[in-house]
Amino acid sequence: MTATLTVRGLRLTRGTREILRGVDLQAAAGEVVALMGLSGSGKTTILRVIAGLEPPDAGDIQAAKVGMVFQFHYLFEHLSAIDNVTLAPIHVVGQSSSDARERAQALLDQLGVGHRAAALPRELSGGEQQRVAIARALAVDPPLLLLDEPTASLDPARKNDLGDALRALAATGRALMMTSHDDDFVREHATRVVVLANGAVVEEGDPREVLSRPQHPATKELLQVERARRSVE
């Protein structure tokens with residue numbers, strides 16, 4: 001497969017702390033790649049660097065146009081769902097309003113929230129807000145979509161719906177990369193998992209293999225923490 005994203009030797013230091021220590025990553029069209037690791041492992045920082053939101057100290061990033069969905073969505077509260085989606089195509093890309101709205105409605109329909117196009121963010125559930133945020137990121141047709149903890153605060157049914165939507169998006173020829181702490185979701189819906197510890201990749205491969213038979217101590221610790229977290233929920 002041709003890589004939509006190639007990262008080589010990514011390094012980032014904040015003060016005296018080395019956040020990323022020579023990270024190598026790839027994502028190809030059709031893949032859903034999950035970055036996993038304990039808090040502070042560097043997952044979200046990697047997404048921010050790939051998206052151009054934070055400059056690295058060293059390393060090379062070869063990436064197609066990128067869309068990013070943040071954990072807290074950041075929809076404009078005074079705009080309807082469809083107006084949130086059309087904002088960049090109209091004001092950044094220069095599409096006509098009619099073309100942008102047609103594309104936005106198609107994306108909202110594809111993600112199962114087309115009937116909520118006129119709703120304001122405060123009128124949407126968390127899952128609906130997330131789907132609008134995904135549609136907004138896709139509105140400029142990026143080959144690479146980054147998602148930061150997309151399952152946060154979703155109930156199990158909504159997680160499955162989201163997983164199906166992400167796989168469907170990957171099937172259209174996009175590469176998806178997400179951070180996640182949810183090993184069950186990653187097993188079911190990701191095509192590859194990359195485990196990080198202290199800013200470095202320590203294990204990667206098929207999610208069902210890696211998360212069922214982890215080899216690295218950091219992966220084993222991650223799964224133990226997740227089991228403990230679920231036991232108190």
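Me: What should I know about the model and its numbering?
Reply: This is a predicted model, in which local features need pLDDT of at least 70, side-chain atom pairs count only at pLDDT 80 or more, and totals for chains, interfaces and linings use all residues. Residues are numbered from 1 along each chain as its sequence is written, and side-chain values use heavy atoms, with hydrogens and water left out.

Me: How much space lies in the largest pocket?
Reply: About 370 Å³. A pocket here is an open set of points on a 1 Å grid over the protein atoms alone where a 1.4 Å probe fits, with protein on both sides within 12 Å along at least five of seven lines. The volume is the space filled by probe spheres set on the points.

Me: Which residues are closest to its centre?
Reply: Met68, Phe70, Ala88, Arg136 and Ala137, out of 15 lining residues; a lining residue has an atom within 4 Å of a point.

Me: Which element supplies the largest share of the lining?
Reply: H2, with 4 residues. Strand S5 (66–69), helix H2 (81–93) and helix H4 (126–138) each give at least two. Helices (H or I, at least four residues) and strands (E, at least two) are DSSP runs, numbered from the N terminus.

Me: How does the lining divide by residue type?
Reply: Into 13 nonpolar, 1 polar and 1 charged.

Me: Turning to Glu203, what does its side chain reach?
Reply: Glu203, in strand S9, reaches the backbone nitrogen of Gln215 at 2.9 Å and that of His216 at 3.0 Å.

Me: Where do the partners Asp83 and Arg101 sit?
Reply: Asp83 is in helix H2 and Arg101 in helix H3, 18 residues apart, so the pair links distant parts of the chain. Their N to O distance is 2.9 Å.

Me: And Asp183, buried or exposed?
Reply: Asp183 is buried, at 3% relative accessible area, and its salt bridge with Arg187 has its closest N and O atoms 2.7 Å apart. The two are 4 residues apart in helix H6, about one helical turn.

Key: Ala, Val, Leu, Ile, Met, Phe, Trp, Tyr, Cys and Pro count as nonpolar, Asp, Glu, Lys and Arg as charged, and the others, Gly among them, as polar. A polar contact is a pair of N or O atoms within 3.5 Å; within protein, one must be able to donate a hydrogen and the other to accept it, and residues adjacent in sequence count only if both atoms are side-chain atoms. A salt bridge is a side-chain nitrogen of Lys or Arg within 4 Å of a carboxyl oxygen of Asp or Glu. Buried means under 20% relative accessible area, exposed over 50%, partly exposed in between (1.4 Å probe, protein chains only).
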